[in-house]
Amino acid sequence: MITDNKDSRHLQSGLTYHQFRAAMLLTSLHSSSSSSSSSSSSSLPHRNSFYLITVTVLVLLISSVATICHASCNQLDRDSLLSFSVAISSPSPLNWSSSFDCCTWEGVGCDNSGRVISLLLPSRSLFGSIRPSIANLSKLEQLSLSHNRFFGPLPDGFFESFSSLQIIDLSYNRLSGQLPLSDRLPSPIQLLNLSSNHFNGTIRSSFLEPAINLVSFDISNNSFSGQIPSFICSYSAAIRVLDFSSNEFVGQIPKGFGSCSNLVTLRAGFNHLSGSIPDDIYSVSTLQEIFLPANKFSGPMPEGIVNLVNLRILALYGNELTGLIPQDIGRLTKLEQLLLHINFLNGTVPPSLMACTRLTVLNLRVNFLEGELSALDFSNLSRLGTIDLGNNLFTGSIPQSLFSCRSLTAIRLATNKLTGDIMPGIMSLQSLSFLSVSNNSLTNFAGAIEVLKGCKNLTTLILTINFYNETLPDDGNLIGSEDFQNLQILGLGGCNFTGQIPTWLVKLRKLEVLDLSMNQITGKIPGWLGTLQNLFYMDLSQNLLYGGFPIELTQLQRLASEGAADQIERSALELPVFVQPNNASNQQYNQLSNLPPAIYLGHNSLDSIIPTEIGQLKYILVLDLSNNNFSGNIPETISNLTNLEKLDLSGNNLSGEIPSSLKGLHFLSSFSVAHNNLEGPIPTGGQFDTFPVTSFLGNPGLCGQILQHSCTDQSATTQPSAVRKSPKMKIIIGLILGISFGIALTLIVTALWIFSKRRILPRGDAEKNDLDIVSYNSTSGLSAENGKDNSMLVMFPTNKNQIKDLTIFDILKATNNFNQANIIGCGGFGLVYKATLADGTTLAVKKLSGDMGLIEREFRAEVEALSTAQHENLVSLEGYCVHDGCRLLFYSYMENGSLDYWLHEKTDGASLLDWPTRLKIAQGASFGLAYMHQICEPHIVHRDIKSSNILLDEKFKAHVADFGLSRLILPYHTHVTTELVGTLGYIPPEYSQSWIATLRGDVYSFGVVMLELLAGRRPVDMTKSKMSRELVVWVQQMRNEGKQEEIFDPLLRDKGFEEEMLKVLDVACMCVNHNPFKRPAITEVVEWLRGVGSKREAPK
């Protein structure tokens, strides 16, 4: 892309600079719109001719208006541009110097009178809001600010201000809010692109009514709601491109698109549309693309669709369509892509479909189609590149006529009822790269390999669940050195193969993924598998393999070498590899690089020890050795596998202790050593605080809080079971123990009396000082807690009040023995007390309660994580104590209590929180949350952000509190948890489907807090009517009805801050987006809130 920050008003070609940029803009719009819909990335070739025509027409149109200018820039335009630039920043700032003519500025074009008629600044990394001053550029004809980081709502009257505007592209930004209520498009507008932003609300007819010249209208990938605005056709007869995809539109599509007599492209996929597709669409003979996937359309496919004889792309996948494919579909002779997968279509494939000779993609998978597949004649489909008929009810053999389609690169016929052999004719498909015929009843595996080695470009071969009970051929000469040399994925699982792992696999030098699972393969795992330098995913589970873990496997380069691990193929597969084939968008692997580096050896008869060399596989994510006969200790070197996410060693004969070093595996989210012979304490800290008890069951020698089995009790009672003691020996041992206990008790009482007088802890081993009171100024006492019956009080060196010699007696006195009168709140897992020490210092003491096994882990997580979390907007953890089975956390005291108290509990509290104070609270809380998410190491997901967990100091400065539900994660990784978390009204919608705490979940909860600040209402108010009971639902409803001002707390209205509150409302609504992937990161929220009120004028 050409940029110019000098004299940009004319080019040697005769086109003015802004004319040339306009042409480039429209071309880039075509390419960007192609990339914006990955689900149909190959579905846009038909647009080329249209966009070339549009570019030509618009450039000629612009050329007739704009000429080479020599006049100076208009003063009003110059001032407007400078005001616009004040609100934006960039790593490479705009070189807009007031000492130069603004017509020479980068991206600015003027006419011969010095008026600015084009402002083209795409892909400049610009950050900021769009100032109202831009509306003063009243002669503007072209505006492109696409692919930047503009945020916030558009100024009121934005579109209507530009009476000459023909092209506007604001795509790929973070703009939000509704389109201005009273705004209208200017009549000259021809191209409008608002795609990939955070706009919401409905599209009003008054907004579109003046746009009689509109050619292209793209609002895809936003959060617009309500009905699809099919009325656009009654105003814009020239419209050719309509893109409503990836929004929140609901209900049936109203009739109206039939009036778009020039419509070429209609896209409305990935919404919530339902009902039947209106018949009037099928009268628009100019249509070349209908893209309506991932909705809830139902009913049969209407026969009228065959009237669209110019149709090139028909994408209706991921709906609930029923009935037959229209019998005359062959009339669509220009059809290039037919995507009807994931519906409820039945019957046979119409023979007329074979008349669609321009087909390049045919996808009918996951339906109920049936019939003899070999009866169809595919031989005329010479352009066919991809065919997917998987997950249907087809019978017969693989059609021979398919082998006449010499352009085929991908075939999936999986999960049907096909029989017979793979015939030699397939060798004519020299471009074939992807073949999946899994889950059928094919026979003659050896013959299949003989035939398929003739397909020299094959990269993916999935033959699983076929060839039942055949023997794996082990002839080393079955394939030659030139065969299968491009093969990357080989799936042979579930065939019940017998024999051994075939030696010819060693010749597959590019093999990256090997699946031999669920067979009856015997013998040892051959060491030569370790020589396959590209192999990173190997599944040999559920076989009859025996012997040890080959040390050679620890030499797999893709799992052991950083450079090799980075070389995993990242190009897209011709067809995705599915986890759940009936899912329209997720649960599929579209790239090899998406598969986790893994070794699965579970459910075999492997034995011997796990080699220490296994620690060399530093880039493995999944290691499953479960249900074998491995013995010996768990190697310490497993702690070197720092990327490990799943480790399953269950069902073996492992002994010894669980290495405590494993708690350093920060990504480990699934772990099991159940049903072994392990003993000793279960490690605590790190990820071990999150694993369920089932991870450790079946090991009688293990101890720890999670098993409710004290390690101290175990060590006191464990005796060698093989030794029988005589009665005399028992008496002697009893006398010795009795005397020892008496002496020890006397010494302890004496020591307690002495030290109660001195109140000084002598230096030495904490394990040897059995005292009721221990005061430390470091975390050195952490290990002393485990299994001891003593009290331990730790104050961290970072405690703000510099408290040192604090004892449990001081805390008991400061809280009046935890008297109810000192309760100041109810935090996670317990009550919070105010503790006023003798010197006047005040602390907040959280006394944990509940299931002690759970509390132990929660307590450990807080101690280990929050002692290092220090930020001015976090309530700092100053220390902790273990006393008589109680666990106490000491926090800095917040004089003004919680935000919840001021908004909802205190009688006059809300009235004392004016808007500037509420904004300051929102900003401060966002700073604290951003620190947790991005700066604190390790990063923290709070999991229970709510107004009662935002505390206020004496200056009403916000502090995020209560990490009782926190779990630790490292950057950009999700931590799987085992319980549903959060508080009613704040819980993100995705938590109801998956017990996974995420950073985006915290952003949702924080969005609810912002709505509380704006509306003064609780997240859930049972006193309200059903429709307005939930705050988020009510706010979205009010916004859809254009009643934003009614959302605001009556105490805040008419105080001159409405514009600021609208901006915060937009940010909050982005945060509570139902789709977690459309929510902003907390860092973006911080920047947006920081900009609100930064240049505030005193309210009038």
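Which hand does the link of Cys 703 and Cys 711 have, right or left? With 100° about the S-S bond, the link is right-handed. The model is predicted: local features need pLDDT of at least 70, side-chain atom pairs count only at pLDDT 80 or more, and totals for chains, interfaces and linings use all residues. Residues are numbered from 1 along each chain as its sequence is written, and side-chain values use heavy atoms, with hydrogens and water left out.

The whole structure holds four disulfides (pairs of cysteine sulfur atoms within 2.5 Å). Bonded cysteines, counted along the chain, pair as 1-2, 3-4, 5-6, 7-8.

Take Cys 73 and Cys 102. Their sulfur atoms are 1.6 Å apart. The link is right-handed, with 65° about the S-S bond. Cys 73 sits in the loop between α2 (47–65) and α3 (75–86), and Cys 102 in the loop between β1 (88–89) and β2 (108–110), so the bond ties together parts 29 residues apart in sequence. Helices (H or I, at least four residues) and strands (E, at least two) are DSSP runs, numbered from the N terminus. Both cysteines are buried (under 20% relative accessible area; exposed is over 50%, partly exposed in between; 1.4 Å probe, protein chains only).

Next, Cys 233 and Cys 260, S to S 1.6 Å. Their S-S torsion is about -85°, so this disulfide is left-handed. Both Cys 233 and Cys 260 are buried.

Back to the opening pair. The sulfur atoms of Cys 703 and Cys 711 are 2.1 Å apart. Cys 703 is buried at 2% relative accessibility, whereas Cys 711 is partly exposed at 23%.
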